[in-house]
Amino acid sequence: MSGLIWGAIYGLAAGMVISLAAFIGVWGERKIAGRIQLRYGPQELGPFGLLQTGADTLKLLLKEDITPAAVDVRIFRVAPLIVFAPAAMSLAVIPYAYGFAPIDTGVGVLFFVAVPAISVVGVLLAGWSSRNTYATLGGLRAAAQMISYELPRTLSVLPVVLLAGSMRPLDIMDAWQWWWIPLTFIGFIVYFIASLAEINRVPFDLPEAEAELVAGPFADYSGIRWAIFAMAEYGGLVAASLFGAAVFFGGYLGVPGALGVIVFVLKALVIALLMLWVSWTFPRMRPDQLMATAWKVLTPMALIQLVLVGAVISWL
Amino acid sequence: MEGAYADSVLSVIGLALAAVAFILIVFLLSAVVSPRNPTPEKLEPYECGMPPAGVPWAAVRVRFTGLALLLVIFDAEAAMLFAVAGGLRGFPAGVIAVGVFVGLLTLGLLYAWRKGILEWR
């Protein structure tokens with residue numbers, strides 16, 4: 001029974017972590033995006049515009065929550081939950097500090113790659129239930145994209161499991177060696193690109209391409225419901241960069257206590273910044289290029305990485 | 001061991017329930033503070049100011065249906081690989097056996113590629 005309670009505590013904590021990360025992340029992203037595009041970004045509210053996100057959140061909270069007359073109401077209301085919950089859940093298996101992962105399970109890596117995939121269902125339902133041409137098309141695009149990129153993402157973390165001989169994140173951290181970085185580098189690139197596609201960031205933001213589909217599956221959502229989708233995407237970004245820092249770059253590197261957590265978060269921050277940099281620099285892809293990248297480039301790359309590591313572990 | 005297993009399943013259930021509860025609290029908060037003033041125009045589906053033409057719940061050409069099938073096969077492969085991946089360290093015979101399995105599936109991918117399933121048609 002204590003498991004249920006601890007799980008609930010971690011779930012609430014994950015929700016708050018995502019809110020906080022979105023709070024700081026949106027500000028940081030707008031600042032960085034501004035600099036990349038030779039603008040200043042937000043600067044009116046608070047020092048360096050730090051309070052801008054707070055004001056925006058408050059505005060979204062105070063907005064009228066419109067449920068259009070034509071939608072399938074029940075599905076329309078449930079969809080944000082199905083998108084958000086997996087993003088929050090995936091945060092719970094990440095090894096944050098020496099010997100500590102909120103949910104310490106022997107199938108942690110599988111849990112991390114499998115659970116976020118559930119949000120595909122939510123995005124598809126959101127698009128379909130809106131009964132809006134743009135939303136339906138966006139939802140279908142999102143489903144095609146997310147299932148295609150899920151495969152390279154899953155295969156890309158497998159080499160680390162092979163090397164560590166365990167799927168438990170804490171065991172991987174214990175077994176981690178520095179020479180895994182060059183050995184699994186192809187895997188990391190595949191993981192990085194596939195994660196960008198999974199969280200619909202810019203080179204891969206076809207489902208919500210605002211120039212063609214307004215906001216895709218989220219076109220008919222307003223106020224706080226829309227904000228939940230945006231937060232789920234931020235949660236995906238946070239989880240992807242934390243997990244990438246853990247399995248590909250050794251996380252806290254065996255450093256115990258708070259110092260290890262700082263090392264770990266700094267590494268994750270570098271990956272997150274890299275993701276923002278990519279998404280504010282590259283133009284959006286075409287759908288056929290998108291699918292070709294997943295199946296003709298990333299999947300073969302992941303398989304090559306797998307064979308490479310397979311050859312190495314035979315001699316360990 | 002069984003108790004630990006039940007506990008970890010329970011903790012995942014607790015995790016999911018709490019994540020959902022978190023959003024419901026936010027929704028409730030918003031419902032309390034936000035205005036309610038629906039008008040017929042507001043309840044239209046989002047369009048560029050004109051009434052939407054036709055119903056979107058029609059047959060949509062989903063491309064890449066073949067890819068969806070391919071995904072099912074490869075996801076099953078990935079699940080099986082995860083099942084054995086933990087025990088392959090320093091076990092060359094096992095690595096070769098799994099390598100043959102991966103090789104066969106890669107041949108399948110190449111076959112699908114040649115057959116043009118991966119093309120935009």
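Predicted model: local features only at pLDDT ≥ 70, side-chain atom pairs only at ≥ 80, totals over all residues.

Trainee: What volume does the largest pocket have?
Mentor: The largest pocket has a volume of about 1,400 Å³, and 42 residues line it.

Trainee: And which of those residues are closest to its centre?
Mentor: Closest to the centre of the largest pocket are V26(A), W226(A), A230(A), M231(A) and Y234(A).

Trainee: Which elements give two or more residues to that lining?
Mentor: From chain A they are helix 1 (2-36), helix 2 (52-62), helix 11 (223-249) and helix 12 (257-281), and chain B joins them with its helix 1 (2-33). The largest share, 8 residues, comes from helix 11 of chain A.

Trainee: How many of the lining residues are nonpolar, polar or charged?
Mentor: For the largest pocket, the lining divides into 25 nonpolar, 7 polar and 10 charged residues.

Trainee: OK, switching to the second largest pocket, how much space lies in it?
Mentor: About 770 Å³ lies in the second largest pocket, which is lined by 28 residues, with V17(A), A21(A), V238(A), V265(A) and L269(A) nearest its centre.

Trainee: Which helix gives the most there?
Mentor: Helix 1 of chain A does, with 12 residues of the lining of the second largest pocket, while helix 11 and helix 12 of chain A are also among the elements that supply at least two residues each.

Trainee: And by class, what does that lining have?
Mentor: The lining of the second largest pocket has 24 nonpolar residues, along with 3 polar and 1 charged.

How values were computed: Residues numbered from 1 in each chain as written. Chains lettered and ligands numbered in written order. Heavy atoms only, no water. 1 Å grid on protein atoms, 1.4 Å probe; cavity = no way out; pocket = protein on both sides within 12 Å on 5 of 7 lines; lining within 4 Å. Points joined across faces, edges and corners; volume = space filled by probe spheres on them. Helix = DSSP H or I, 4+ residues; strand = E, 2+ residues; numbered from the N terminus. Nonpolar A, V, L, I, M, F, W, Y, C, P; charged D, E, K, R; others polar.
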